[in-house]
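Dear colleague,

I am handing over a structure that you have not worked with before, and below it you will find my notes on what was found. Please read them with the model open beside you.

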Amino acid sequence: MTTMRLRPQGIGLILGLAITVGTSFGPVLQARAQGAAETLRVANPVAIVSLDPFGAKAADQPTLTVAQEVLEPLVMRQDGSIVPWLAESWENPDKLTWTFHLKSGVRFADGSPLTSADAKASLDRLIAEKGPLAGLWAAVDTIEAPDEKTLKIRTTQPVGTMLSNLTMLGIAPAAKIRDTAFFNAPYGTGPFKVAAFTAGQQVRLVRNDSYWGEKPKLAQIEYRYIPEVSGRITALENNEIDFTWGLPPDQVDQVRGSQGLKVESFPTYSNYYFWFNSSRKPFTDARVRQAMWHAVDFAQIQKDLFPGTATVAKGPIPQAVFGSSVQKPYAYDVAKAKQLLADAGYANGFETTMMWSSQCCTAVREFAETLVSYWAKIGVKVVPQELERATWLDRLLKLDWDSTLTDGNTLTGDADFTLARLYLSTAKRMGYANPKLDELLLAARAELDQGKRAELYAEAGRIIWDEAVGIFPLDMMVHAAYRTNVTGFKPTPNAMPRFDSVSKK
Amino acid sequence: MSVAPAAPSPHAKSPRRGKLDLRLLVPALFCTLYVLAAVFGPFLTHYDPVATNTSQRLRPPLTELRDGSLALFGTDQVGRDLFGQVIAGAQISLTVGILTLLLAGTVGTALGVLAGYRGGWLDTVVMRLADIQLAFPSILLAVLIAAVLGPSLVNVILVLALTRWVVFARVARAQTLAVRVRDFVNASRTLGASHLHIVRHCILPAVVAPILVVATVQFGLVIVAEASLSFLGLGMPPGTPSWGISIANGRNYLVTAWWISTMPGLVLSALVIAVGILGDRLRDRFDPNLTTR
Amino acid sequence: MTRYLGYRILSSLVVILGAATIIFVAIRAVPGDPALVVLGPSATPEQVAALRTEYGLDGSLLGQYMHFLARMATFDFGSSFRLGMPATQAISQAFTATLSLALAALCIALMIGFPLGILCALRPNGWSDRIISSLSMTGQALPSFWVGIMLVMIFSRMLRILPSGGAETPEAILMPAVTLALPLLSIIVRLVRSGLLEVLGEGYVQTARAKGLREPRVVGRHALRNMLIPVVTVVGLELGGLLGGAVIVETVFAWPGLGRLLIDSIAARDYSVVQACVVVLVLGFVSINLIVDLLYGYLDPRVRVGS
């Protein structure tokens, strides 16, 4: 018993020591010198787990958000149209050939000049990695670099989406493209280069002082992952960060009311949509699907649940996307819904299920529960199934579901990315098959005349809308919130904020 | 793995009679109130978990709604009456609590008695299983099983029972071990009583009292566990008026609508505290050896 | 003693092996495909298959299991699918975070629990004892996820003085540590109270009093020291529980510890990290138990561990 010779002071000392250790230990990052005028502190809503935009994360928004500041594409989409970037011009000698002429005088951040070999290596790797964007390049036959400034892409069939696809391809130096260590701190021809990266936690970018274009005003950008919405807002209010985005509707108002903060809401390429599994009864009947649409008052839902954060959709893809169109709205009409159900032989309604991923989108549970409530009023009992994302994905791709609520992002800003990827009958995504629709979508993909492509997508959109392949209720807005000393932010509809034009007072 | 089991007493100390024990009576009455609310409440509140009313969402407590009814606890994020939701939640919590304890208690006690009475390899296997189970973070086990089975009332009960049987098994085993060697058991055995007879008439009676005490203590824990699982999205399916779900729903509205998370939490905490005091008191009265040292 | 030690170590190994096996099977029984989670809904079946091969998930289950066990022996758990780094690296970062949280919680619990327990024991059944005892009863019963949310609501959202989550600033540890400390605090108050009451009735304390020592000295020098053993034991055991029990608290406060890593990794079906996490947690739990058990028997020869 007497072996324990701890005096009370001794205990106090140990406790004090432990507290010190406990509070200063490990991942607790010391707050950096705050308010450094040239450093933009950004809190991203989703973890950045990789900086390699060529591999498995090629379609991952957090990865692309950082990558776009570092690696630049040959062409860029600005205000809806394609503009030259690293390529200053291009032409089609025939329908299967694309020739790009690269800008001269562009150098990577390490000083080496940009050549067509770099562009070729980048595209080669993107295709070879078989990542989620590889499908965009399925028709590519050969990629050649006949001289330092010319890139020649030959395809097996005409590809109308070539330019849109190229906006997604950042060019990395050919010498480093297969070096995995390079992607821990990648650099390209872009305005910034990566200085430090801790997967899942933070990224630090520094200005590329040899940038060929207009030099950015910021010296540094620090991205830090703060998953909790309230955590991001608090950090913003406490001047621990300067910029964040991805705020849910109910918290936008709180930030709007805050002094020294600014909220910018802008339309995006993203929308909410609700799919029927058209290969399962009773959704095999278009009248049932249309009835479900007529049964819900989406204008009311928008007003109550998504004020200022979403708009009632006008077509199956958001209006900011190339190839979008305005369709005839479905009126909220319970009597008509019931009539349609009766016509289809379901006068007494039916029972079905609706699944969604718990990580899907803002206010998804509220939205889903409200839908269930509306449908109950026409006698359709919908059992809600909120699933983990992994389980949801598994069932989605196995077509093991009745209906699902989710969100979609037309990443490339081109209707093909959403319509042809999902609605071709060969995609087998929601059990809907329509030869007429397939024909339109394939024709649009092979058409090099962008005006004609837009018309074809409008027609395809009409079929999807009128046949109620899904319900397309709301187009999403994105809310960026930042401190008022941040100026020059230009929103882009791909919901991946860029900071090359931003400055901080 | 275990610190020496506390020496159990087969004969529970008989409760003092005559004097009203307020520390037993008050929490017991409080719990009865919950049972009454759970059984009869839904008939009075007419709560419909499916019916949403977005135009009347996020109304603060004591708001008069458009149909003239009073929202005592306010309305939730889709305009449902929070008071009705909480009452309906009581039904779920109590159902889960009672059924889980019945299942875990029966299985755990049976295994514990068996292990203690038979000893040998059976004892080793059961106790090693119990060790693994204890070393395994129980919330993790629940998360995994819930992810496999999906959210539903039955699955929640299964999951929770699976993480609770150990407690019962350990107490039952310890009691059995202590009783097994006592004179009256030896006497019965010498007189030719069958194993079944000995277990039924000598061992079980000694096991019942401590098991009931453990059950009371565990009741609160099970209710909290259900709420925690539902909170994580792995318990009851969405749309069910579980307290855990209601609390989770309110997380995005802590400033605009503080009541959504606060009210169900208060109701839950009050019940768990009452059950805790009750369990404590029962433990003191019936089994002084189980008290905290 | 050596035989007993050998037996204890052996059965600890059985427990670790059992837990490793359970988690290996359980995480694969959960529907969902790690490759699909990484690639997202636009993936084609060929891409998914290619990634599965890369992750080493295309072999037989038994082969994968043997591989897992063989590597586990050298404390190698493979690479994280989600984070692209060795699982052990992901875990060591998270482990320090959880450890600092657990230690902070322990300090808070001890610093508040000890004085309160002593206060209770000095005047048993007095008003301060009653109030503290019922408060500690309450503290133990409150659901920690709700306590966490209430703290966030009050201190982050309404008063806006503390960050609601993450570990970016030093003060971010306060709320999760307090939430985690609450149940522990209640246990410590009770232990100190009952332990002290017991000791205060014993002979040598009476002697000290009779010698004319003042009460603070009696309590401080004589009584307190002798009831430390049971407190140390229980606190040790609780620390093992704290490491695993931090899951909910870490989720609520987005604390980058093992608990949240585990939940995130399960959600991403990141098998290697989930397996590594569980093995580390169980290893920690088992070792603490072993040490406490042995220490207990060593310090107090009256209590030799039975069976």
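A:Ala128 belongs to helix H3 (residues 116-128) of chain A, and its C-alpha atom is separated by 8.8 Å from that of A:Gly55, 73 residues apart along the chain. Helices here are DSSP runs of H or I with at least four residues, strands are runs of E with at least two, and both are numbered from the N terminus.

Before going further, please note that this is a predicted model, in which local features need pLDDT of at least 70 and side-chain atom pairs count only at pLDDT 80 or more, while totals for chains, interfaces and linings use all residues. Residues are numbered from 1 along each chain as its sequence is written, and chains are lettered from A and ligands numbered from 1 in the order in which they are written.

In chain B, the unreviewed UniProt entry places the feature "transmembrane region" at residues 24-44, 92-117, 153-172, 203-236 and 256-278; the positions are in the numbering used here, feature names are shortened, and such annotations may be inferred rather than shown by experiment. Residues 24-44 of chain B are 100% helix, with end C-alpha atoms 29 Å apart, and residues 153-172 of chain B are likewise 100% helix, with end C-alpha atoms 28 Å apart.

Also in chain B, helix H4 (residues 138-149) packs against helix H5 (residues 153-180) at an angle of about 150 degrees, their axes lying 9 Å apart; axes are lines fitted to C-alpha atoms over the stretch in contact, and angles run from 0 to 180 degrees between N-to-C directions. H4(B) and H5(B) are therefore roughly antiparallel, a term for angles over 145 degrees. Among the residues that make this contact are B:Leu141 and B:Ile145 of H4(B) and B:Val159 and B:Leu162 of H5(B), two residues being in contact if their C-beta atoms, placed from the backbone, lie within 7 Å.

Chain C, finally, comes to 13 helices and zero strands, and its C-alpha trace spans about 85 × 60 × 25 Å along its principal axes. Of the 307 residues of chain C, 52% count as buried.

Notes: Buried ≥ 20, exposed ≤ 12 C-beta atoms within 10 Å, placed from the backbone. Parallel < 35°, antiparallel > 145°, perpendicular 65-115°, else oblique.
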